[in-house]
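Here is a short briefing on one protein chain. Please look over the sequence and the structure first.

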Amino acid sequence: MSRSAAEWARQPNLPKDHYLSSDIYRDPDIFRDEQRLLLEKVWKFACHESEVEQPGDYRTLTYCGLPLVVIRGEDRKIRTFVNVCSHRSAELVRTPRGNARRMVCFFHLWAYDTYGNCVSQTRDVGYEEVGPKKEACGLRSVRTEVSCGLVFINLDENADSLESFLSDSLDTLREALTTEPLELFHYHSFKVNANWKQWHETNMELYHEWGHVINRRQGVSSPGYHDRYITVGKNGHVALPPYRVSYSNIPGWEDRDRNNFPGLAPGEIRAVDLFPNTSIIIRGTAMRIDTSTPISPSLTLMEFRGVGLKRDTPEVRAERIRNHNQYWGPFGRTLPEDGFFIESVERGNQRAAHYSVISRRENFGAHDDAALRGYYAEWSSWMGRSASDPKVPASNEGRGQ
Amino acid sequence: MMGEKIREFIAKSCMTMDEERFDDYLALCSGNYRYRILTFSPDIGREMTWLDLDASGMHALLNMVPQHVRLQGKLRRHASLYTHEERPDHVVSAVSSLIVSHTALDGETKIFASGQLQDRIALEGDELKLVSRDVLLDTRVFGPGSHVPI
């Protein structure tokens, strides 16, 4: 039976944590609060340590509007600074990656070392009378910690440690991430016309796999698919238990029975979704790390990294790249579909929707919505408001306050 | 004369793909066809291979295109032959500049990709066959992506 406008707008007759208000995706005030109360407070994946392998190697990113540079110091420690010169505010490094043992501003040539110290003011005699001395002109630092080769940043100088934030969430991937040196072979990005949370919701709810023809043919129909149980861990992180997938039932594809990541059985898939916006997925031979940068309520920068073992031979690397891109490249079979799904959801949320439902219960089986409920419980704890009724003013109880 | 033949052949390969006449596209390819999409990432400082398919892989991929949830609208490939060189083995190396436009269902057209086609085309009697196509993309950001190769 169809519903009237009033019925359509009515709150679902479900427990409060089993549905979401569409306002959490479209309300600009909520988006601003997310930046202030959540995104500026929690650890954010910035890059893989192999991207800044040598002293002076750097990688730039923008997060919560701040231009940042992640750089490996002369002491091999990885640090992050706001990528803005202390003098007249020009960007310090202007390429996405590079090596700079001295970051020299291209405008007036002030220079900084890899520890963020200002080491040179051009013709410094001019500052002798009223200052500032170069010792007072260091770069703004941003907290940076590394776990399992993953480099995280936190804009909150008083935040708990990364170790505390991650808790045991990476345990299922630890062997794959740490046994051998890894390196990137793939990076691509795009701006998806959707709210940032929708991508991560899609990573966490596995029943969207019915929408992927590839997954209908192999993942969802694999033995044991529904006999595995998701783990909703501390701090909103989610781990999917391992299971094995047959790949050769897709025409032109090979089974992934060799060159798997350490600790994985042939063809095994493992995935961890780190709150609030990073996922790591391994499909036997191929690892993907994706992370988002919210730009506006309805626009999100998505970044995708493909990772291999540093010791890969050219033949093995080619196989890994092929396997990665079969699913996850810009011309892959599933990742573009995820983008089309959530852009469609965004249009629905912007124009018509009031609520969406996350009420599936399957005893924590693969298609249970427990992961989404756990995610939004964590979101609510930072935001001080419920995801089902978010227009109620944020309480002072929220952790982000 | 040869240049005109090559230009028409490359145009045909683009038109068959534009119109999603995949069997006609595949009929232009040799049995040992190799298709790649390549691009360089300044983000990681590496050449990336986004697709690498042989003839059967291309056939399998194109066969499944209608079953995917796809980019709606139409892609149109605009290839301009820049250079061609016939080698002693009767294989022509051809370089074309490429622009791909996307027209959405509402009629709005945007540039989808910019790059270059590097083709190897065999002269088999009176027929031309595409031996390999490397699509060298400058564009690395496409929105969610495409199930149909360039």
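In this predicted model, strands β7 and β8 of chain A pair in the antiparallel sense. Three bridges join β7(A) and β8(A). One of the residue pairs is A:Met103 with A:Tyr112.

**The sheet around this pair**
- β8(A) covers residues 111-113.
- A:Tyr112, in β8(A), is the bridge partner of A:Met103.
- The sheet is open and has three strands, in the order β7-β8-β9 (chain A).
- Pairing in this sheet is antiparallel.
- β7 (102-104) and β9 (118-120) of chain A are the edge strands.
- Each of these two edge strands has a single partner strand, so one side of each has no neighbour in the sheet.
- Neighbouring strands of this sheet are turned by 35° against each other on average, direction ignored.

**The chain as a whole**
- Chain A contains ten helices and 19 strands.
- Along the principal axes, the C-alpha atoms of chain A fill a box of roughly 80 × 55 × 35 Å.

**Burial and contacts**
- Of the 401 residues in chain A, 45% are buried.
- Take the contacts in chain A between residues at least 6 apart in sequence: 61% of them join residues at least 24 apart.

Terms used. Residues are numbered from 1 along each chain as its sequence is written. Chains are lettered from A and ligands numbered from 1 in the order in which they are written. This is a predicted model: local features need pLDDT of at least 70, side-chain atom pairs count only at pLDDT 80 or more; totals for chains, interfaces and linings use all residues. Helices (H or I, at least four residues) and strands (E, at least two) are DSSP runs, numbered from the N terminus. A residue is buried if 20 or more other C-beta atoms lie within 10 Å of its own, exposed if 12 or fewer, and partly exposed in between; C-beta atoms are placed from the backbone. Two residues are in contact if their C-beta atoms, placed from the backbone, lie within 7 Å. Two strands pair if DSSP finds at least two bridges between them. Axes are lines fitted to C-alpha atoms, for helices over the stretch in contact, and angles run from 0 to 180 degrees between N-to-C directions.
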